[in-house]
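Hello,

Here is the structure we spoke about. Please open it first, then read the notes below alongside it.

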Amino acid sequence: MALTQADILRALELVKLPASGQSLSASGRVNNILIDGGKVIFAIGIDATEADAMEPVRKQAESAVSGLPGVTQVLVGLTADKAPASAAAQARQQAHRPAPGPGGPPPKAAGVPGVKQIIAVASGKGGVGKSTTTANLAVALSVLGLKVGVLDADIYGPSVPKIFGITGKPKLISGRTLAPMEAYGLKIMSIGFLIDEETPMIWRGPMVISAITQMLREVAWGELDVLVVDMPPGTGDAQLTMAQQTPLAGAVIVSTPQDLALLDARRGVAMFRKVEVPILGVVENMSYFICPECGHRSDIFAHGGARHEAERLGVPFLGEVPLAMSIRETSDGGRPIVASDPDSAHAKAYLAIARQVQAGLGGAARAAPRIVIE
């Protein structure tokens with residue numbers, strides 16, 4: 001018999017809230033229940049001040065649902081919607097907030113054990129080649145001598161598994177910790193490994209953040225020099241919260257040259273500046289097209305717009321990547337072009353971008369091989 005939401009709620013009747021003794025299922029806090037075969041994902045709504053007190057409840061809920069027949073994996077998140085706080089709630093929050101040091105900065109988000117630096121690859125809109133850029137940038141950073149991981153945080157349209165040609169499911173090491181998948185010397189995690197590719201990802205913002213946070217912090221990344229995060233497209237609450245809750249060392253903005261895409265890229269830069277994340281630079285993707293038959297160049301989406309926008313905003317311009325059949329074919333085939341054709345002009349374009357990103361992060365962690373860009 002297939003698992004249902006009613007089965008989940010019945011199991012959660014055994015979990016009691018610490019203050020009232022009310023069952024979790026009757027409290028109305030359980031939402032966004034998603035069932036995919038033997039995998040169950042749901043959120044528990046809390047006030048931001050209840051995070052510590054509700055963590056044992058989250059663990060009990062996970063244990064209760066794990067005991068149901070047919071359940072193979074459970075992912076439970078605590079989520080706090082940004083509703084206006086009452087005066088009492090604001091007072092409680094202020095009482096529990098640590099006092100800042102004299103003239104000191106606000107507290108920073110906790111890091112990920114073993115991961116030295118985290119960078120975001122973002123775009124103001126979808127369809128500009130953000131995931132392809134993420135994959136090839138990650139491979140290029142690895143070529144330059146860094147230990148690299150990739151987190152596919154594009155929860156609505158995870159494409160990193162396809163770009164890297166990875167199938168299968170990650171293994172559970174212990175408790176809730178997953179072993180990342182591996183390809184081309186990279187450690188990789190994506191919601192696409194955990195959910196069937198035909199399952200629609202119709203999630204509210206808090207559920208998205210919960211899933212991303214758990215993929216970030218409950219994966220055995222090991223020792224990494226840099227973790228490259230493929231962000232969800234756009235500049236909404238999910239992206240802003242991700243930027244606030246993750247200790248990002250910098251952000252790479254991907255855009256195509258036309259004005260409509262640049263408007264959204266501008267919003268992306270503004271969002272990261274708002275949360276004081278350094279802008280490592282802007283990439284102009286699909287910058288131009290060279291006909292493979294006659295060699296004629298066509299600026300299909302205009303040209304140079306991202307460079308001019310970067311100059312206007314006072315951020316680095318990282319480079320141009322053409323609209324090319326080989327990039328599309330290698331991405332669709334699970335063979336990023338930097339790995340499958342490293343001597344191509346397109347691979348060298350990504351390598352040049354990676355060198356600038358590495359410099360923006362403070363230089364190489366180890367001696368990098370010299371690569372000549374033609």
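Which residues line the largest cavity? They are Lys39, Val40, Ile41, Gln73, Val74, Leu75, Leu194 and Ile195. Two strands, β2 (39–45) and β3 (73–79), are the elements that give two or more residues to this lining. Please keep in mind that this is a predicted model.

**Cavities**

The largest cavity holds about 60 Å³ of space. By class, its lining residues are 6 nonpolar, 1 polar and 1 charged. Rolling a probe the size of a water molecule over the atoms shows where empty space is left.

The second largest cavity holds about 40 Å³ of space. Its lining consists of Ile253, Ala265, Arg266, Val269, Val282, Ala306, Glu309, Ala310 and Leu313. Here the elements that each supply at least two residues are helices, α8 (259–274) and α9 (305–313). The most comes from α9, with 4 residues. Of the residues around the second largest cavity, 7 are nonpolar and 2 are charged, with no polar ones.

**Helix α4**

How many residues of α4 are buried? The count is 12 of 14, so the helix is mostly covered, where buried means under 20% relative accessible area. The buried residues are Lys130, Ser131, Thr132, Thr133, Thr134, Ala135, Asn136, Leu137, Ala138, Val139, Ala140 and Leu141.

Helix α4 covers residues 130–143. From its first C-alpha to its last it reaches 20 Å, close to the 20 Å expected at 1.5 Å a residue. After α4 comes Gly145, which has a positive phi, near 105 degrees.

**Strands β12 and β15**

Strand β15 (residues 317–321) is also mostly covered, with 4 of its 5 residues buried. How many bridges join β12 to β15? There are 4, and the two strands run parallel. One of the pairs to look up is Asn285, whose bridge partner in β15 is Val321. Strand β12 itself spans residues 279–285. When you look at strands, remember that in a regular strand the side chains alternate between the two faces of the sheet.

Regards

Terms used. Residues are numbered from 1 along each chain as its sequence is written. This is a predicted model: local features need pLDDT of at least 70, side-chain atom pairs count only at pLDDT 80 or more; totals for chains, interfaces and linings use all residues. Side-chain values use heavy atoms; hydrogens and water are left out. On a 1 Å grid over the protein atoms alone, a cavity is a set of points where a 1.4 Å probe fits but cannot get out, and a pocket is an open set with protein on both sides within 12 Å along at least five of seven lines; lining residues have an atom within 4 Å of a point. Grid points are joined across faces, edges and corners, and a volume is the space filled by probe spheres set on the points. Ala, Val, Leu, Ile, Met, Phe, Trp, Tyr, Cys and Pro count as nonpolar, Asp, Glu, Lys and Arg as charged, and the others, Gly among them, as polar. The expected span of a helix is 1.5 Å times one less than its number of residues. Buried means under 20% relative accessible area, exposed over 50%, partly exposed in between (1.4 Å probe, protein chains only). Two strands pair if DSSP finds at least two bridges between them.
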